Amino acid sequence: MKRINLTGRALSDVALTVFDQSPEAAQELAGKNAPYGLILTTETAYSDLDPELIEKADLIAIDFPAFGDGRGFSLAVRLRKDFNFTGELRATGPVIPDQAQFLLRAGFDSVDTDDARAAAFQKAAGRFTAFYQTDYTGNTSVAHTRHGPSQRERKAS
Amino acid sequence: MAKKPVGPQMILANCLREGRALFFGRDGAWHAEPALADVAEGDGLDALMAKARAFADANNVIDPVFIPAEQKDDHYYPAHIKHVMQAKGPSVRPDLGYQVSPDWERR
Amino acid sequence: MYAYDPYDKEIVNTRVEEFRDQVNRRLSGELTEEEFRPLRLMNGLYLQLHAYMLRVAIPYGTLSSVQMRRLALIARKYDKGYGHFTTRQNIQYNWPKLVDTPDILLDLADVEMHAIQTSGNCIRNVTTDQFSGATADEIADPRPYAELIRQWSTFHPEFSFLPRKFKIAITGAPSDRAAVKWHDIGLVVRKNDAGDIGFEVLVGGGMGRTPVIAKTIRDFIPEADLLGYLEAILRVYNEQGRRDNKYKARIKILVEALGSDTFADLVEKEWQTTRHHPIDVPEAEIKRIEAFFAPPPLEVLPEQDPAVDELAANNFLFHAFLKNNVRPHKVPGHVNVTISLKPHGGIPGDATDAQMDLVADLADTYSLGEIRVSHEQNLILPHVARRDLPELYEALSRSGLGTANVGLISDIIACPGLDYCALANARSIPIAQNLAKRFDDITRLQDIGELKVKISGCINSCGHHHAGHIGILGVDRKGEEVYQLLLGGSGAEDASKAQILGPGFDENGIVDAVETVVAVYLGERQDGEKFLETYRRIGADPFKEAVYEAH
């Protein structure tokens, strides 16, 4: 197993608690003064998450049961846009290298994958350089860049 | 475990590079003509599939599967219309199909 | 027409390289078939009964003559000399080799085309009215918005692995020629009291084994907010759509389960929380795209032309062509010409490379180089001067493209069926051919009038049988092809679900049954009534009695 760093940030090695197994136990982490990490699954409903618990986490891993389970992408977007989560977001499970850029743009920082796939992940993560969507990770859609930065600021303000 | 297919079976797969439907032959190679297909039944199925699967493992064909076969004259042919179609080509374009086996015409 | 800028080019070219890399990894064995399947599907590459099948996107059904010639070239160079235009305004090639597909994509990219998201559980090609920008009855040309949606949905980082495929259709006219109510999202261009453009938004339509007509969740979303609102719909669906059962994974099931009001509330709430985020594009971008679809510079010409009238008076088939295949353009003296891809005995939607080349040439000569594909699997020359019709008709007829049956009983939608498709249970094309043979007389066809027959070879409903005035569904009954007969469907603004009439028929019986249905209609119709009107007035019973009495 190899950990791929998609964004270049310093990766966390904090212990992880599975949120879905015991949301109450996980919730207690928020009250302690120690760094913590959470494992969410694609079954986790964002509405069950406590904003403080999420915002204070160092690391959140979203576990994909299958690479086609796209709920993981929306959950990642939620954590970034609705919970102001700025810690490390990690994808685990059978995600594939061809999803690297989708993961990156949905807000993931890192991926755990088989050693054999590491090189393909790295290659795929930088493949496209222009995007049709303004995402929650700072990429601006070509629709905005076509009309200059001033346009984007106006719209975003 | 999937249930073992009942009755005589042949093996059909698609060629990886080109996609065309191919039957696993008695000579251990893949053919467009179902008349050349190897046929097994009951206890003989596993051995036949093992031979065919080696080609899938070597990345030459995709998804070998058993298909029901029926005997007509001296040869076996696919029993189901879908597999008949795969062997012959589209019924609406007889000019383009694989109607390569003269046995088809005699059928 | 839209033209790529360097960004669009870069994105499509990068996609070609990416796909070449994926194909190479598959051929080398680095990718298993299981891993490669979803990757090739997201690029429209299926494995069908006889070969791979490549579905190429024709965004909102609009093609230039240059693009059409390229489609012809691909048919010649990589396939067996023909292609199949589909109910989603795309084209499918039936025989490409896997090893050739990266080169095909390169040839497509060269003319600003691609196969991106023509399959897979993602947002598919946006479809629209084939007469967009060339019809008097539209509020606005919907194609700029379709292009906006195309860009926003292409490689969307969040919505590329949805519970199931997702289809959006948009119409700019109140007369719905795009079947928007049968789509996951249907958009109808509206103008509010202030004269601003916006959209009525419908969700949850779809065919398959659970046919549902879409419900309106918002009467008016302003143009500037369209993408943000769509993004909210997709997010709610991506999070809450079912993933445990692929037959219950479409948005229609979610909308039915929650109720459309609750669904609308969820979307509204999500949309309000994201309105600060620049999902929607700057106004200048809408203007930029709209400029590509500016009304063509057509000269106003006389509505009548003596040469046209004379030929119509002397040539019965031209008269029929004029009546059935030609409709008025928004510019006086011009018309939209529908080229029927339903020659009697032919394969609905198929065109040879020579026919594609000819249509491209005719588009250059008579239609400002522009061509459309309709969801009814025909081609359209949208901007033809009425006075050119005799010449155009002559050229079309010589090449087997002059069939004057548009909108009539032999203008049949048919999916490829068991002749090609790995999912099919029964053949569709031979039924269409036998029906056209049975109703081979143009006088009889015209007497019967507008009658939309739609045939699917399995419950997935690619042949739109649920929306057929007469729908036919092929099923497999113990290895035999059996055909069910449905009546009373509509894909238009008065959308309705066709109902199964009774037990199914064999290949010959279904043609007899349709003939009986038509006979009942002709006997029952009151002055000028169309088939669907008669059916809605008298109900299914008289048809049922007649069809099953003989058996």
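How many residues of chain C are in contact with chain B, and how many of chain B with chain C? I opened the notebook with this point, bearing in mind that the model is predicted.

**Entry 1. Chains B and C**

I found 20 residues of chain C in contact with 20 residues of chain B. I then sorted the chain C side of this contact by class: eleven residues are nonpolar, three are polar and six are charged.

**Entry 2. Chains A and C**

I turned next to the contact between chains A and C, which has the most contacts among the two pairs of chains that touch. Chain C contributes 31 residues to this contact and chain A contributes 28. On the chain C side, I noted that helix H1 (6-27), helix H2 (33-41), helix H5 (143-153), H6 and helix H9 (283-292) each supply at least two residues. H1(C) gives the most, with six residues. By class, I recorded 14 nonpolar, eight polar and nine charged residues on the side of chain C that touches chain A.

**Entry 3. Chains A and B**

How far apart are the nearest C-alpha atoms of chain A and chain B? I read a separation of 19 Å, and these two chains do not touch.

**Entry 4. Chain A**

I listed seven helices and six strands in chain A. Following the sequence, I wrote down the pattern β-β-α-β-α-β-α-β-α-β-α-α-α. The C-alpha trace spans about 50 × 40 × 25 Å along its principal axes. Buried residues account for 44% of the 157 residues in chain A. Taking contacts in chain A between residues at least 6 apart in sequence, I noted that 56% join residues at least 24 apart.

**Entry 5. Chain C overall**

For chain C I listed 18 helices and 20 strands. Along the principal axes, its C-alpha atoms fill a box of roughly 60 × 55 × 55 Å. A compact globule of 551 residues would have a radius of gyration near 24 Å, and the 23 Å of chain C agrees with this. I noted 59% of the 551 residues of chain C as buried. Of the contacts in chain C between residues at least 6 apart in sequence, 67% join residues at least 24 apart.

**Entry 6. A sheet in chain C**

In which order do the strands of the open five-stranded sheet of chain C lie? I read E3-E14-E15-E12-E11, with antiparallel pairing. Strand E3 (62-64) and strand E11 (326-328) are the edge strands, each pairing on one side only. Neighbouring strands of the sheet are turned by 30° against each other on average, direction ignored.

**Entry 7. The nonpolar core**

Which residues touch the most other members of the largest nonpolar core? Of its 237 residues, I noted Ile60(A), Leu103(A), Met10(B), Val203(C), Ile233(C) and Val359(C). Helix H6 (residues 226-240) of chain C gives the most to this core, with nine residues. I then followed Ile233(C): neighbours within four places in sequence aside, Ile233(C) is in contact with Ile185(C), Val203(C) and Val267(C).

Methods
Residues are numbered from 1 along each chain as its sequence is written. Chains are lettered from A and ligands numbered from 1 in the order in which they are written. This is a predicted model: local features need pLDDT of at least 70, side-chain atom pairs count only at pLDDT 80 or more; totals for chains, interfaces and linings use all residues. Two residues are in contact if their C-beta atoms, placed from the backbone, lie within 7 Å. Ala, Val, Leu, Ile, Met, Phe, Trp, Tyr, Cys and Pro count as nonpolar, Asp, Glu, Lys and Arg as charged, and the others, Gly among them, as polar. Two strands pair if DSSP finds at least two bridges between them. Helices (H or I, at least four residues) and strands (E, at least two) are DSSP runs, numbered from the N terminus. Axes are lines fitted to C-alpha atoms, for helices over the stretch in contact, and angles run from 0 to 180 degrees between N-to-C directions. A nonpolar core is a set of buried Ala, Val, Leu, Ile, Met, Phe, Trp, Tyr and Cys residues joined through C-beta atoms within 7 Å. A residue is buried if 20 or more other C-beta atoms lie within 10 Å of its own, exposed if 12 or fewer, and partly exposed in between; C-beta atoms are placed from the backbone. The radius of gyration is taken over C-alpha atoms; the globule rule is 2.2 Å times the number of residues to the power 0.38.
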